[in-house]
There are 2 protein chains.
Amino acid sequence: MYLEKINSPADLKKLSLPEMTALAEEMREALFNRLTKIGGHFGPNFGMVEATIALHYVFNSPVDKFVFDVSHQSYAHKLLTGRKAGYLDDAHFAEDSGYTNPDESKHDFFNVGHTSTSIALAAGLAKGRDVLGGKENIIAVIGDGSLSGGEALEALSVAGSELNSNFIIVVNDNEIAIAENHGGIYKNLKELRKTNGKSSNNMFRAFGLDYIYEENGNDIGAMIALFEKVKDIDHPVVLHIHTLKGKGYAPAEKNKEAWHWTLPFDRATGKTTVNFGDGESYGAITPNWIMERAAKDRKFVVVTPAMPASVGLVPELRVKLGPQYLDVGIAEEAAVAVCAGIAKNGGNPLLVTNMTFLQRAYDQISQDVCINNLPVTMLMNYTSFDGLTDVTHLGIFGLAVFTNIPNLVVLAPTCAEEYLNMLNWSIEQKSHPVLILIPGNEVFHRSSCAEEKTFDALDTYKVEKKGEKVAVVALGDFYQKGEAVAAAIKSALGFEPTLINPRFASGVDKKLLEELKKDHVLVITLEDGITSGGFGEKIASFYGISNMKVKNYGLEKKFYDRYNPAGLLKELGMTTEQILADVKEILGK
Amino acid sequence: MYLEKINSPADLKKLSLPEMTALAEEMREALFNRLTKIGGHFGPNFGMVEATIALHYVFNSPVDKFVFDVSHQSYAHKLLTGRKAGYLDDAHFAEDSGYTNPDESKHDFFNVGHTSTSIALAAGLAKGRDVLGGKENIIAVIGDGSLSGGEALEALSVAGSELNSNFIIVVNDNEIAIAENHGGIYKNLKELRKTNGKSSNNMFRAFGLDYIYEENGNDIGAMIALFEKVKDIDHPVVLHIHTLKGKGYAPAEKNKEAWHWTLPFDRATGKTTVNFGDGESYGAITPNWIMERAAKDRKFVVVTPAMPASVGLVPELRVKLGPQYLDVGIAEEAAVAVCAGIAKNGGNPLLVTNMTFLQRAYDQISQDVCINNLPVTMLMNYTSFDGLTDVTHLGIFGLAVFTNIPNLVVLAPTCAEEYLNMLNWSIEQKSHPVLILIPGNEVFHRSSCAEEKTFDALDTYKVEKKGEKVAVVALGDFYQKGEAVAAAIKSALGFEPTLINPRFASGVDKKLLEELKKDHVLVITLEDGITSGGFGEKIASFYGISNMKVKNYGLEKKFYDRYNPAGLLKELGMTTEQILADVKEILGK
C-alpha cells in the first residue's frame, strides 16, 4: 500500500513510475470507498487521478499553486495532500468538504463550487506573484464544460494578453460537460483532439495563448513529461489533455452524464442505495408539466445553462422536446439574454437552473430582461435552506438577490396546485418577467389553491384564514410552518390568528397590511432565506411608523456550510415552540 | 438635403450610391449638431455611419432585426428610423434617449446600455424566430471592446453550435475599446486585419462560426455588397468590418479614447464647453490618492474592467502605474476574480469601476471574494441617484445588491477625510472584502473625521451629535441631508435630535440602536438608493417588536429614466421641509 504512506506531496515524489501506477489504483479504491457510501463527483475525479499524481510529482505544492475549477476534479489532489482519511476512513468523511477548501489544507487556495472561476482566480495569483517578485508556478485546472462560462472565457483573453509570465492552464478534456457538450468551443476541442492538437483552428491560440496537446491524459509518464516541459515556463500556456471521464468503473465510462455526480451506490450493480420511496416530488411534477406544456404550446422553449437535471429533464425528454429545448452550455448570462430575445420575438421561454447559479446572471436579469420588462419565466430549483448545504451552493440568498429588481415578479408557491397554476399563468401572460421558486419541502396539496389560476393582481397576498391579533405571513415553502405556528397560537392562546400566504415574494400588499392594523397587533413573517434584503424586512419597513409590531423570521446573513437543517432552525429560534414562545412574550402573555 | 426626407428606411432605399454618400455627410452634420450641444457617444457613431446606411439599404427593418451592443453605435440607425428630429432640432433632443429604446421606435428591440449583450439577445430573437417559423434576418452589431465581456463570448459559443439558421454578427472593429484594447482576442482581431481576414488563427472560426472580413467598413458600396452577400444566409456568420472610429472629425480620429464619449464641445477647437469651475472633486482626489498609494506600496495593484476614467486614471497615470495597473478589458467577472487571486497571493488589489457595471459580477463577489473572505477593495463611482440618470446606468441599486452579501463590508463615506481614511484602512487590512462608495455629492470636509483611521470595529455607527427623541441616521452622501434635517428639527421643534453617520452600509449597530430606545421615539433613515433590500429596512426590522418608530427614506424599487434629481427627491417627499413635516406628524406636533 502506497497511499497510506502519503501524507504530503513530498512522499509522492519518492515513488517510481510503477509505484505511482499502483498508487493510482489505490486512489480509485479510496474514491470508491467514499463515493459508494456518501456520493459526490464521480466521473471528473476518476478521470483525473493520473494527471493529478503527475502534477504533484512535477510541481512543488503549495509553493507552486493549483486552482481546480468547481473542485469537480480535486479529490485526487485531496488524497495526496494530507486528506486521505476523508476517503479511506468512514469516520472521517465529514472532514472533507468535497470542494477545495483553504480551511482544510494549505494546498488549497480557494473555496470553490461554482464553475468557470479557476483561470481568473489563478491569473490573479500570477499577477500577485509578479507584483511581489515571486517565481512559483501557477496552474489552473479546468474541464467538464466549465470553459464555456463567461468568467472562464474572459480570463482566457486576459491571460492571452495581460500576463507575460509563468501561467499554466490545464484543460482536462474528457469529451463531455455535465450533460452533453453545448457550445462552439467544444466543437473546437473535438477538432483539436481529432488532429492530435495540430489543427490550425485553435481557440486557445486565437486568444493569444501558447498551446500543447497531449492525448494520453491517463498515462502518468506522459503527464509527467508534459508538466516537466512547461515547469517554470515564462509565459501563459494551455495544456490540452485528453482523459477518460469515469475511468476505472465501467458504468461510469459508459454513461458519463449519470456518473458526473452520484448518490451513494452499490458498486456491483451501479444502482443507488438511496431509497426515495414512491411519494410525490416536485422533481417529477416539473418535467411532467414541461412536457405537457411543450406538446400543446409550440412557442414554448426550455432554455438551460447546462442544468437540465435541475428540473428532471433526462436525456429522453430533451430529445422529445427537440427544437423546444436549448441548452446553451454552462453560460448563465447568455441563457438569460437568449430568453429575453425569445420573449421579444414572440416565444414563451422558460429558463431552468438552480437558484445559486442564477446569481451569475444578476445583471442580465436586471438589464436584458427587467428593464425591457420581457415575459421570461425563470424556474429555480434548490431555493431552500433545506436543500444543498455546501457553502458554495446555498439557495438562501435568492430572495435578497432577486426580490429587489424592479419589474421582476418573484412567486413562492405553497403547494402543487399553486405551483402549477403559477407556471401556467407565467408562461401565458405577456406583461412581466417572473421568477418561480420550486418549493424545497415535500409536496403538499391544497384544494383551495386549485381554482386560482391568475396572478395578474400583483402583490396581492392571500388570506388563508382570517383571524385576529396576530397575523402569520408565511412565504412559499415556509407556509406549512406558518400553519403550524398558527395552530400552536390558537391552541395555546385561545384565539385564531390570521394566516397569510403572500405568494408574491417581491412585493408588499399595502392594502391588506393596512387593513390588518384594525384588529392585529403583531405580524410575524417567515421566509426560507436570509432576512437581510429579503421579504420580511419590506413588511417591517411598511409598518415602521405604525403601532404594529413585526418580527421577521429567516436565516442570518451568513455563509453557512454543511449544516444540519433542523438543527439550524432550532439555533435560529424558528421551531414552532420557539416562535410561540416569542409571540407569548411579545403579547405579554 | 436627403436626411430631411428620410422618415423611415423605405425612403433610404430610393437613393443612389452617390446620394447615400451625400447623406452620410448630412448625418455627420446632424450628429455634430446634437453632440456639440449635449454630448454623447461620439467615436463609435461617427465610425458607423456608412455601415448603418448599408444595413438599412440591404435589410428590411423592422422585419429584419438589428441589435446594437451598448447602443454605442446606434445614432446613425436612429437618424434613419424616424428619429432625426432628436439630432437636427435642438428642441427635440430630449426625445432621443441616446440608447436604443423600443418606446421610441419599432426599429429598436431592447433598451440597452450595458456592454456585451447584443449577440445573446439577438441569438434569442433568432431562436424565437425559428420556433415560430419566421424567416427574417437577425443582425447583432458589436464593437468598441464589448467582445471581451463574458456574455458576448458565451453567446459566440452558443451561436457557433446551437443555431443552425440565419444569424449575422457584425463585428465593428475600429481598433480600440473605450480606452486602449486589453485582451488576447483583440490581438487576434489585429492579426485578422493585417492579413485581410486570411489568417488561419481566427477566434470566430474557432467558436464554430462562418467568417468574412471586409476592410472597407466606411465605404457604403463595399458594405452594401457585403450585406447582400449574407442576406437570408442559412447559418450564423461573423462579418468583421474595419471602420475608423471618430471618422469625419480630426480630433476624434486622432485621440480615440477622449472622443469615445464627449461632453458638449466647441467644434472648432474640440474643447468642452462645460465649465467645471475649479472646486474640489472626488474625480481629482481619487487619482491623487491612487498614485500616492502606488508609490509607497509596491503590493498595491489597480484592476479595472476597462473603466480607468471612472476614477480619473488618464493615460499618463496608467503608464506611470506600470505593472501596478491591470486593465482586463470589459470583463467584470474576471476583474473581480483576478482581484481575489491577487489578494490571496499577498497583493493589495483595488478594483475600480462604476457601480452599475459591478452588478455584472455579483456572483464573483459573493463566491470568489466573499466566501473566501479575501481583502479585496472595490471602489465604486456613480453610486448616487444624482449621477447618471439613464435607466441602464443607475447607481441606485448598489446598496440592495451589495449590502446583503455576507462578509462584504460596504462603506459609505460622508466627507473627503473619511473617504481617504476608509481607502487607506481598507487597503492595509487583511480581514475583509470591502466596497467603498465614492460620494455622489460635492466634496465636504469634516475635521472630526480626520482622526478616525481605523474601521476595524465593524458595523459601529458614529454618533455625530447626541440628542434626544428623534435619531437621524444619514448614510454616506446623504449625511449632509441628515444634517439639514437635524437642524430643521431643532429649529422647528426646539430639541436637538441625534445625528448618526452609520459609515457601514452593510450592517446594523445593534448596541447603539438598543441604546437609542432609552430616550428616542423615532429613527429616520436616509439612503442614496432604493430602500427595497437596502440599508434602512434592516433598521426597521431590528426595531420591529419595539416601540421605536422607524421611517425609511430612499428611492422606490423602480427603473427611473432620465429624471431631474431634485424633482425626484421632492416627488419622493425627501426635501428637508417634507421630512420635517413627516416628523411633526409622527410626533403629533
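In this predicted model, helices H13(A) and H19(A) cross in a right-handed sense. Two packed helices are described by the angle between their axes and the distance between the axes. Here the axes come within 11 Å and cross at roughly 30°. H13 spans residues 282-296 of chain A, and H19 spans residues 416-428 of chain A.

From H13(A), the contact draws on Tyr282(A), Ile285(A), Thr286(A), Trp289(A) and Arg293(A). H19(A) contributes Ala416(A), Tyr419(A), Leu420(A), Leu423(A), Asn424(A), Ile427(A) and Glu428(A). Of these contact residues, eight are nonpolar, two are polar and two are charged.

A further helix, H11, covers residues 220-230 of chain A. Its buried residues are Ile220(A), Ala222(A), Met223(A), Ile224(A), Leu226(A), Phe227(A) and Val230(A). Both helices and strands of chain A cover them. Among the covering elements are helix H2 (17-38) and helix H4 (49-58). Strands E4 (167-173), E5 (210-214) and E6 (236-242) are also included.

Both ends of H11(A) show local detail. At the start, a side-chain oxygen of Asp219(A) lies within 2.9 Å of the backbone nitrogen of Gly221(A). Just after the helix, Asp232(A) adopts a positive phi of about 65°.

The description now turns to the two chains. Two copies of a chain are related by a rotation about an axis and a shift along it. For chain A and chain B, the rotation is 180° and the shift along the axis is 0.0 Å. The superposition gives an RMSD of 0.0 Å. This is therefore the relation of a two-fold axis. Both copies use the same surface, and 100% of the contact residues of chain A recur in chain B.

Conventions. Residues numbered from 1 in each chain as written. Chains lettered and ligands numbered in written order. Predicted model: local features only at pLDDT ≥ 70, side-chain atom pairs only at ≥ 80, totals over all residues. Heavy atoms only, no water. Axes fitted to C-alpha atoms, helices over the stretch in contact; angles between N-to-C directions. Helix = DSSP H or I, 4+ residues; strand = E, 2+ residues; numbered from the N terminus. Left-handed = near helix turned anticlockwise from the far one by under 90°. Contact = heavy atoms within 4.5 Å. Nonpolar A, V, L, I, M, F, W, Y, C, P; charged D, E, K, R; others polar. Least-squares fit on C-alpha atoms with pLDDT ≥ 70 in both. Buried < 20%, exposed > 50% of the residue type's maximum accessible area, 1.4 Å probe, protein only. Polar contact = N/O pair within 3.5 Å; in protein donor to acceptor, adjacent residues only side chain to side chain.
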